[in-house]
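Hi,

Here is the structure I promised to pass on to you. Please have a look at it first, and my notes follow below.

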Amino acid sequence: MKAAPFDYLAPGSIEEACALLAEAGGGASVLAGGQTLMPLLALRMSQPFILVDINNIAALRGVSRIAGGTRIGPATRQCDGLADAVLAEHLPVLVRALSHVGHYQTRNRGTIGGSIALGEPAAEMPATAVALGAVIEITSVRGVRRVEAADFYLGPYMTVLESDELVTGIEYPDWPPGHVILFREVAQRPGDFALVGLVGALVVEGARITRAGLAWFGMGPTPVKMRQAEAAILGQSADALDVNGLAALAIADTAPFDDHHASAEYRRTVGRRMFTRILREALGRQEAA
Amino acid sequence: MSKHEIEVTINGRRFAGAVESRVTLSDFLRGEAGYTGVHVGCEHGVCGACTVIVNGKAVRSCLMLAVQVQGAEVTTVEGLAAPDGTLHPAQQALRDEHGLQCGFCTPGVLMTMAAMTAGEQKPDEEALLAALSGHICRCTGYQGIRRAARKLAAGEGA
């Protein structure tokens, strides 16, 4: 249970980090908080030749307001995100989701961008980025490109990131004050990865739903954007939602699998129930018997 | 494989040495620096036994590299009690409430409790109990640990 040998480099700037990644030709891993990567190294599921530690790069840390949204530096620690006043005001869904990421001890070290870049399908941060419509800024020696979070994930721990690329920012569009927050997860113990999780936001104007961002985690090989349910819910009256119909659409977009924690059928059953309950609760309706 | 010179303050004492890049903080603290109170359980961040305080924050020392604590202040369980042997409030609370049996998980539990009750910070009972979910104990059934945590949160540990 010891990591295979590797070289360790701790660049002080984004340019330097990108140059090192390009030079490594695919043999390097980026070390941010290390709360997912270090176990992968210890178990030798990952054996990079070079570890590029980005913890000394100040430009990758912090939260800032940008035109029409909020930008989070990927190396911002999860504990700092939880205590951040800007996030509390503008991205309450993200703060809520953050409180479920790992444990107190791992949030003290783990980063928001690390979780997003690794792409564990049952993790909270990737699904939150997908639900809220975040854009991921990716930098390499070849330049900067921006990818919608919904297009970023390809499979478990597989993303569109090339081996020479680094996530250098995550930009979340603004959701208006008073938007409805949706977050729920079912896990075997606090801090475990979710068996089933749901995260999202709704905007209700004049009793009608005018904007929706909804995603599942733990319900497929990647975070799952509920495209059908999002489209169907728009324009519906918040007081007379066809919650069961929407839940069926939401489940239709998922591709859960059987593993030793739960069966796919269990995940679909819990997900359907979770969806109807959370929508009724969030929109202030009584739970149907 | 690279070697790195590091200088770190452990329990108030400076320690300098060369570490191989792949050595974890937990192995470094035990093997190089001699602080064997850092218990290594699962070695992949699940059990919480290796928890130490780095620059004021409780972290899992198996999920950090030794080279990353260059210039940092590290506290292990050996740094909790006063020099005259007076126990830290968290240690006293665990002792009073029978919060340990075999003691393997205890150093980690203590470092979380110590970090959350340090300084002016008044620990919130709910937050303290939630933070304990980051530790696995196979002996106590957790109730003694939870009683100790409630006592600390109520400020009765000292």
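This is a predicted model: local features need pLDDT of at least 70, side-chain atom pairs count only at pLDDT 80 or more; totals for chains, interfaces and linings use all residues.

Along its principal axes, the C-alpha trace of chain B spans about 45 × 30 × 25 Å. Of the 158 residues in this chain, 49% count as buried.

As for the fold, chain B has 5 helices and 5 strands, and their order along the sequence is β-β-α-β-β-β-α-α-α-α. Among the contacts in chain B with a separation of 6 or more, 59% are between residues 24 or more positions apart.

Then there is the interface. Here 24 residues of chain B are in contact with 23 residues of chain A. On the chain B side, β4 (57-60) and α4 (125-131) are the elements that give two or more residues, with β4(B) giving the most, at 4 residues. By class, that side has 9 nonpolar, 11 polar and 4 charged residues.

The largest nonpolar core has 131 residues, and V52(A), V199(A) and A215(A) touch the most other members. Helix α3 (residues 106-116) of chain B supplies the largest share of this core, with 7 residues. Leaving aside neighbours within four places in sequence, V199(A) is in contact with several residues, including V93(A), A97(A), L182(A), F183(A), A215(A) and F217(A). The contacts of V199(A) also include E124(A) and T128(A).

Best wishes

Note on methods. Residues are numbered from 1 along each chain as its sequence is written. Chains are lettered from A and ligands numbered from 1 in the order in which they are written. Two residues are in contact if their C-beta atoms, placed from the backbone, lie within 7 Å. Ala, Val, Leu, Ile, Met, Phe, Trp, Tyr, Cys and Pro count as nonpolar, Asp, Glu, Lys and Arg as charged, and the others, Gly among them, as polar. A nonpolar core is a set of buried Ala, Val, Leu, Ile, Met, Phe, Trp, Tyr and Cys residues joined through C-beta atoms within 7 Å. A residue is buried if 20 or more other C-beta atoms lie within 10 Å of its own, exposed if 12 or fewer, and partly exposed in between; C-beta atoms are placed from the backbone.
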